[in-house]
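Hi,

Here is the structure I promised to pass on.

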Amino acid sequence: MMKKYFVLIMICLSIAVAAQPIKFGEAKGLFMSLGVGPKFPVGDFSDKNNIGVGAETSLLYTDNLLMPFFFYSTLGYQHYPGRQTLYKKTDYASYSSNMIFLAAGARYYFPPLVENVALLMPLVDAGIQYSYFENSHIFKEGKNKQNFTEGKSKFGFQIGGGFSMFILDVMAYYNYLPDNQYISIVFKATIPIFVKI
């Protein structure tokens with residue numbers, strides 16, 4: 001089921017990009033980043049789920065007409081175990097949420113705060129997000145309840161900020177999805193794939 005959603009989204013994105021010619025600048029760069037970090041459920045999401053963990057990979061593009069803006073797309077995976085208090089108060093033996101997400105947005109780099117020793121730039125980030133959740137419901141024996149896995153698709157947005165040394169970034173995000181808001185901390189390493197000057 002998840003594969004079908006992502007194939008559909010990628011086809012739509014490809015059609016949208018091909019439909020409108022974009023004039024790029026002469027100097028350009030394509031970068032890839034890999035990130036990991038903890039995820040903190042808030043609101044209703046935290047009633048059943050404990051602190052999670054996630055990993056993601058991003059592609060970033062900019063050129064001399066766009067800088068200091070970078071445009072990105074991100075594919076990621078997150079896992080949230082169930083809260084221990086949930087097992088004590090309910091018929092659950094185990095509960096967990098797995099999420100695959102696809103995000104796209106823009107990042108703005110401010111002028112460096114430090115340049116002499118190391119490059120340190122503050123940045124802000126905003127984008128839209130599609131997420132597919134798989135919630136696993138497993139109940140205690142003798143409760144006459146059927147175990148099941150529940151799939152849900154959700155659209156939302158993310159806003160964040162942090163600091164970049166360009167190769168290494170530390171970011172904090174607020175992610176809004178209906179009934180699934182969370183705060184995400186991401187440590188990213190970025191490498192250039194293609195640079196033309």
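A word on the ground rules. This is a predicted model, so local features need pLDDT of at least 70 and side-chain atom pairs count only at pLDDT 80 or more, while totals for chains, interfaces and linings use all residues. Residues are numbered from 1 along each chain as its sequence is written, and side-chain values use heavy atoms, with hydrogens and water left out.

First, the build. The protein has 3 helices and 8 strands, where helices (H or I, at least four residues) and strands (E, at least two) are DSSP runs numbered from the N terminus. Their order from the N terminus is α-β-α-β-β-α-β-β-β-β-β. Of the 197 residues, 36% are buried; buried means under 20% relative accessible area, exposed over 50%, and partly exposed in between (1.4 Å probe, protein chains only).

Next, the salt bridges (a side-chain nitrogen of Lys or Arg within 4 Å of a carboxyl oxygen of Asp or Glu). There are 6 in the structure. One of them joins K188 and E56, at 3.5 Å from N to O. This pair links distant parts of the chain, with K188 in strand 8 and E56 in strand 2, 132 residues apart. K188 counts as buried because its relative accessibility is 3%, and E56 is buried too, at 12%. Another salt bridge pairs D125 with R107 (3.1 Å, N to O). Here D125 sits in strand 5 and R107 in strand 4, 18 residues apart. D125 has a relative accessible area of 3%, so it is buried, and R107 is buried at 1%. E150 and K152 form a salt bridge as well, their closest N and O atoms being 3.3 Å apart. In that one E150 is partly exposed at 23%, and K152 is partly exposed at 35%.

On a 1 Å grid over the protein atoms alone, a cavity is a set of points where a 1.4 Å probe fits but cannot get out; a pocket is an open set with protein on both sides within 12 Å along at least five of seven lines, and lining residues have an atom within 4 Å of a point. Grid points are joined across faces, edges and corners, and a volume is the space filled by probe spheres set on the points.

The count is 2 cavities of 30 Å³ or more. The largest holds about 80 Å³, and its lining includes both E56 and K188. Strand 8 gives the largest share of that lining, 4 residues. The second largest cavity has about 40 Å³, and R107 is among its lining residues, along with F31, L60 and F70.

Finally, the surface. F40, I51, F157, I159, Y174, Y176 and I183 form a nonpolar patch there, with about 570 Å² of accessible area together. Such patches are made of residues with over 30% relative accessible area and no salt bridge, with nonpolar side chains (Val, Leu, Ile, Met, Phe, Trp, Tyr) joined within 5 Å and like charges within 9 Å; accessible areas come from the Shrake-Rupley method with a 1.4 Å probe, and for residues only the protein chains shown count as cover. I159 belongs to strand 6 and is partly exposed, at 43% relative accessibility.

Cheers
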